[in-house]
Amino acid sequence: MKCKRDPKRIREVLGKKVQFILGDMACVYGGLLAGVSFFGGYPITPASEVAEGMARMLPRVGGTYIQMEDEIGSIAAVIGATWGGAKSMTATSGPGFSLMMENYGFAVMTETPCVIVNVQRTGPSTGQPTLGAQGDMMQVRWGTHGDFEALALAPSTVQECIDFTVEAFNLSEKYRNPACVMTDGEVGHLRERIIIPDEKDLKLINRVTATIDKKKYIPFTNSQTRKNCKVPDFATFGTGYRTYVTGLTHNEKGFPATDKQPDHERLVKRITEKITDDADKLVMVEKINLDDADIAFVTYGATARPAESAMEIARKEGKKVGLLRLKLVWPFPDKLITKLAKDVDKIIVPEMNLGQIVHPVKEVACKHCEVISAPKIGGEMHLPMELHKYLEGK
Amino acid sequence: MKKEIRICGFGGQGVILSGFIIGKAASVFMDYNAVQSQSYGPEARGGAARSEIIISDEKIGYPRPTGVDILLAMSQESFDTYRKDVRKDTIIVVDPDLVKKHDIGQPVHKVHAQQIAESLGNKIVTNIVMVGAFTSIFGLLKTEAVKESVIDSVPKKFTDLNIKAFEKGLEAGKNAVKELQ
Amino acid sequence: MVEIKTADELNKKFLREGMWPTIFCNGCGHGVVLEYTFWALEELGWDMDNVIFASGIGCSSRLPGYINADGLHTTHGRAIAFATGIKAANPDFNVIVFTGDGDCSGIGGNHFIHAARRNIDITVIMINNFIYGMTGGQLAPTAPLGSIATTAPYGNIEHPFDISNLACALGANYVARWGVSHPYQPIKSLKEGLQKKGFSLLEFLAPCPTAYGRRNKLGDIKKHWAWYDNNTILKEDYEKIMKYGTEEEKAQVKDKIQLGVFQDIQKSGFFESYEKLVNRLKEKETKAKGAKK
Amino acid sequence: MIEFKDDWCKGCNICIDRCPVNALEESDRLNKKGVRPPQLKKDNKCNYCRLCELICPDLAITVIPEEIKKEDKKTLLSPIGGKTK
C-alpha cells in the first residue's frame with residue numbers, strides 16, 4: 001500500500017478536538033481516523049457532504065479521492081483499491097445504494113473489506129431526495145442476490161457517525177465483509193458537538209495479511225495463521241502471492257468451480273458462518289430503563305431519538321417504558337430480543353418506513369409478546385407525542 | 001432547561017451560518033448540548049431558508065424543535081412562513097427594513113441588521129449582526145462564547161469585520177429591548 | 001535475466017500452473033491476444049508481481065485466470081472501475097484490463113468513457129469479436145450492420161460502435177486497433193501501450209467461429225480468419241488510397257475496418273495530476289505555517 | 001524443429017493454413033480431444049519464421065531453430081482441460 005496512516009497528520013487535518021459539525025462530515029472524520037486512503041463516490045443528496053469532505057481532506061493525508069461516473073463504479077473502485085492495499089470507503093443514499101447492490105455482492109463473495117456509508121432517504125425510486133428516512137434497512141440485509149450476511153450499524157447522533165464509521169471499518173476488516181453505516185438524512189444533516197477520540201482510545205482492527213510461504217498459501221479458506229478462524233488471510237495485490245479473485249463460485253484456491261455443488265456450499269457456508277458464528281459476540285445495543293419495563297421501544301438510528309423523548313414523557317407519567325436501541329442492526333440480535341420479549345408485554349418498533357426491522361423483531365418476539373409497528377413516512381421524524389400514543393394502544 | 005431557536009430569511013443571507021454559530025457557541029464554547037438542523041434543497045437557495053437550534057442542559061432526544069422560544073426573521077416571506085407556531089411568549093426579532101409587515105399583535109424586537117451591516121461596508125455580515133442581537137436579547141449564551149464562535153466560523157480575512165458586526169448587533173439588541181420597555 | 005526465445009519457455013513463465021488449455025472454442029482469437037500480451041510483457045521485462053490484471057464478464061474476462069499474476073475477475077462491465085481503484089491504491093502497479101466488446105462498450109461503456117476521459121493510467125485490451133460469445137451469441141454493440149445474432153435473428157439494424165474512434169475523441173493517450181493474424185505490429189503496439197502513461201486502449205479484432213462465425217456464413221475457421229484479412233486495411237494505406245487512389249480503389253476500401261495506431265499523445269495521466277495536486281496543497285500549507293511563525 | 005503440445009491443440013489448423021512455406025500438415029495422431037494436431041511435413045521448407053508459434057490460439061506450438069539446443073524439460077503445466085487440479 002502506498003499511503004500509510006499517519007495519526008499525527010490526520011489529527012492536524014481534522015483540527016480541533018471538540019467541534020460542532022454535520023453528521024455527514026462526522027462520517028468523513030470517522031473514515032480518516034480509521035485510516036481510509038481511498039474514497040470513490042458519486043454525489044447524491046443527502047450523502048454528498050461525505051464526498052465533499054473526503055475531496056477536501058483525503059489529498060491532505062496522502063489518500064486518493066476520485067469522483068466516479070456512478071455508484072456502480074464507485075463501489076467497484078473501492079473494492080479494487082482494497083485489493084491494492086487501501087482501506088477504502090464510499091458514501092451514498094437509497095438510489096445509489098440500489099445501484100451498488102451488484103458489487104456489494106461481489107465484495108461479499110470475494111471477501112473484500114470496505115465500508116459503505118448510506119445516508120438513507122426514502123423511496124421507491126428517487127422519492128424525497130432532501131429528506132431523511134430509513135429506507136434501506138432491508139436492502140442492506142437482502143438487497144444483493146444469493147446468500148450472505150450483512151454488517152450494518154445505525155448511528156443516532158453525530159458523535160456516533162464518527163464512532164460507528166470507525167467500528168464499521170473494524171468489523172469489515174475483521175470479517176473481510178463489506179460493512180455499512182446506515183445513517184439517514186436526519187442525522188446526516190444534523191449538527192452536533194463531536195469529540196475526536198484520542199489515538200489511545202481508538203481501537204483499530206486491520207485485516208490479517210498473508211505471511212505464509214507463497215507456495216503454501218490458500219487464498220479462500222480458513223485462516224492459515226489463526227486457529228478456528230473462518231476468515232482467510234488477505235494477500236494484497238503486488239505482494240507476490242499471485243491471487244486470482246473472482247465473483248464466481250470458486251474453490252479454496254480461488255479458481256472458478258461454478259458447476260460444483262460441494263464447492264459452492266462450502267464457500268458460501270464459510271463466508272456466512274464467519275459472521276454468524278460470532279453473532280452473539282457482535283451484539284451492540286443501548287438499553288435504557290429496561291429492568292422494570294412493561295413496554296419497550298425497539299429502535300435504531302434517528303428514530304431512537306423521538307422514541308427516547310416519548311419514553312421520558314411516559315416515565316414522568318409513571319408508565320414503565322424502556323428502550324432498546326440497536327447500534328448494530330445486522331447481524332440481528334435474535335437472542336437478546338427473544339429475552340426482551342419474555343420480559344415485557346409489548347414491543348413497539350418505530351421506523352421511518354412502513355415497517356422493516358419490525359419483521360425480524362416479530363420473527364423472534366411474537367410468540368412471547370405483542371409486537372407493534374410504529375411507522376412514519378414522508379421525510380419527517382416521529383414526534384415524541386406521536387410515539388407516546390402507541391403506549392396507550394392505538 | 002431546553003430552548004428552541006429559529007432563524008429564517010431568504011437563501012444567501014447566511015441563515016444557516018448564524019444557526020451554526022449559535023449552536024457551536026452553546027456546545028463547543030459553553031457546556032450545553034445543542035443540535036442544529038436546517039431546511040435543505042431548492043427552498044434553501046431561492047425561497048425561505050430556515051435554521052433551527054435546540055439548546056439544552058440535558059441530552060437532546062428528538063432533534064427538531066417542537067415549539068419556538070425565539071424567532072429571528074430576515075425576510076418577509078420567511079417571516080410569514082415560519083411564524084405560524086409562535087406562542088404568546090415567543091421572543092420575536094426582525095429586521096424591520098426587510099420584514100415590513102411585522103405587526104402581529106405581540107411585541108417585536110426591531111434590529112436594523114442590514115442597515116448596520118451596510119454602514120460597516122458589507123451587507124454580507126447582516127446575519128452576524130443578527131447573531132449579536134440574538135445574544136443580547138436572548139441572554140442565554142455568554143457574549144464571549146458567541147464571539148469566539150463567530151471568530152471560529154468565519155474566514156480569517158474577515159474576522160475584524162465580523163467582530164464589528166457582532167458588537168454592533170449586541171448593541172442594537174440592547175436598544176431593541178429598551179424600545180419595547 | 002535470460003531472454004525467452006520460445007513459446008514453451010514463455011508459457012512456463014506466464015501461465016498459471018494447471019489452468020491451461022483454455023475454455024475457448026476451437027479457432028477463437030482470445031488465446032492469440034494473450035500470447036501477444038505475454039511477448040510484450042516479456043520484452044518489457046516487467047516484474048510480474050507488480051502487474052495486476054482485471055477483467056469483467058465474458059470470454060475475454062477469463063484471460064487473467066490463465067496468467068500467473070494477481071487478477072481480479074469482476075462483475076459485467078465494471079473491470080475498468082475496479083482497475084481504477086487498484087491503480088489508486090498503488091500507482092506503482094501496472095494495471096491491465098482484459099475486456100470484450102460487450103463488456104467494454106455495452107454494459108461497461110460509461111466506465112470506459114470516464115476512465116479514458118480521466119486518463120486513468122491503465123491499459124485496456126479490448127477483444128472485439130462482434131458478439132456476446134460466452135452467453136451464446138447475442139447481439140453486441142459492435143456487431144456489423146446486417147450480421148446475425150440470436151437476438152438479431154433477421155440481421156442487425158443498429159449501427160456498430162467504433163470504440164477506438166470513441167477513445168480518440170475522449171483524448172486517451174494511446175489508441176490502436178489490430179487483428180490477430182499478424183503478430184509483429186500488435187506486439188510492438190502492445191509494448192507501446194503498456195508503457196504509456198495515461199489511458200491506453202488496444203482493440204483486437206478476434207474471430208469467434210462458434211457464436212459469430214456459424215451464424216454469419218463464416219463457420220469455417222479458415223474462412224473466418226480470412227474475412228478479417230479481406231475486410232481490414234492498415235490506416236496508412238487507407239489514408240493514401242483515399243487521397244491518391246482512383247475512384248474504384250476508393251470504393252474498394254471505403255467500408256474496410258482500419259487497423260493501426262490511431263492516437264499517441266502525452267497528456268498527463270490522472271495520478272500524475274493527482275500527485276501534483278497533493279504537492280500543491282503541501283506547499284500551500286508549508287507556506288501558511290511559515291507565515292504564522 | 002517444431003514442438004507440438006498435442007493435448008493443447010484444438011485442431012483449428014490455422015497454423016497449417018497460415019504457414020508461408022506450406023510446411024505443416026495434419027498428423028495421423030489423435031489427441032485426447034479427438035483432433036489431429038499438426039506436424040511438419042517430411043519434406044518441408046520451414047525457415048523458422050515462427051508465425052505458427054505466434055498465432056497458435058492455444059499456445060501449443062514451439063519453434064526451436066536448429067542452432068538452439070532444446071532443453072529436455074517437461075512443462076510444469078499439465079493439460080487437463082482448463083479445470084483445476
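Predicted model: local features only at pLDDT ≥ 70, side-chain atom pairs only at ≥ 80, totals over all residues.
Residues are numbered from 1 along each chain as its sequence is written, and chains are lettered from A and ligands numbered from 1 in the order in which they are written. Local features need pLDDT of at least 70 and side-chain atom pairs count only at pLDDT 80 or more, whereas totals for chains, interfaces and linings use all residues; side-chain values use heavy atoms, with hydrogens and water left out.

Contact was defined as heavy atoms within 4.5 Å. Of the four pairs of chains in contact, chains A and C share the most contacts. This contact involves 44 residues of chain A and 42 residues of chain C. Buried area (the accessible area, with a 1.4 Å probe, that two parts lose on being put together, summed over both) is about 3,500 Å² between chain A and chain C, with 58% from carbon and sulfur atoms. On the chain A side, the most area is lost by A:E69, A:R242 and A:Y244, which together account for 22% of what that side buries. Chains C and D bury about 3,000 Å² between them, 59% of it on carbon and sulfur atoms. Here 36 residues come from chain C and 40 residues from chain D. C:K12, C:W20 and C:P21 supply 21% of the area that chain C buries against chain D, more than any other three residues. Chain B does not touch chain C, the nearest C-alpha atoms being 12 Å apart. Chain B and chain D also have no contact, and their closest C-alpha atoms lie 56 Å apart.

Helices (H or I, at least four residues) and strands (E, at least two) are DSSP runs, numbered from the N terminus; two strands pair if DSSP finds at least two bridges between them. An open sheet of eight strands, with mixed pairing, has the order β1(A)-β8(A)-β2(B)-β3(B)-β1(B)-β4(B)-β5(B)-β6(B). Its edge strands, β1 of chain A and β6 (109-110) of chain B, each pair on one side only. Within chain B, β2 (33-38) and β3 (48-56) run antiparallel and are joined by six bridges; B:A34 has B:I55 of β3(B) as its bridge partner. Helix α7 (158-175) of chain A packs on this sheet, touching β1 and β8 (191-195) of chain A, and its direction makes about 50° with that of β8(A). Axes are lines fitted to C-alpha atoms, for helices over the stretch in contact, and angles run from 0 to 180 degrees between N-to-C directions.

A second open sheet, of five strands with mixed pairing, has the order β10-β12-β11-β14-β15 in chain A. Strands β10 (285-288) and β15 (370-375) of chain A stand at the edges with a single partner strand each, so one side of each has no neighbour in the sheet. The twist averages 20° from one strand to the next. Four bridges join β10(A) to the antiparallel strand β12 (321-326) of chain A, and A:V285 stands opposite A:L326 in β12(A). Helix α11 (334-343) of chain A lies across β10, β11 (295-300), β12 and β14 (346-351) of chain A, at about 170° to β12(A). Helix α13 (384-392) of chain A lies across β11, β12, β14 and β15 of chain A, at about 155° to β14(A).The largest pocket holds about 1,300 Å³ of space. A pocket is an open set of points on a 1 Å grid over the protein atoms alone, where a 1.4 Å probe fits, with protein on both sides within 12 Å along at least five of seven lines; lining residues have an atom within 4 Å of a point. Helix α12(C) gives the largest share of the lining, seven residues.

Notes:
Points joined across faces, edges and corners; volume = space filled by probe spheres on them.
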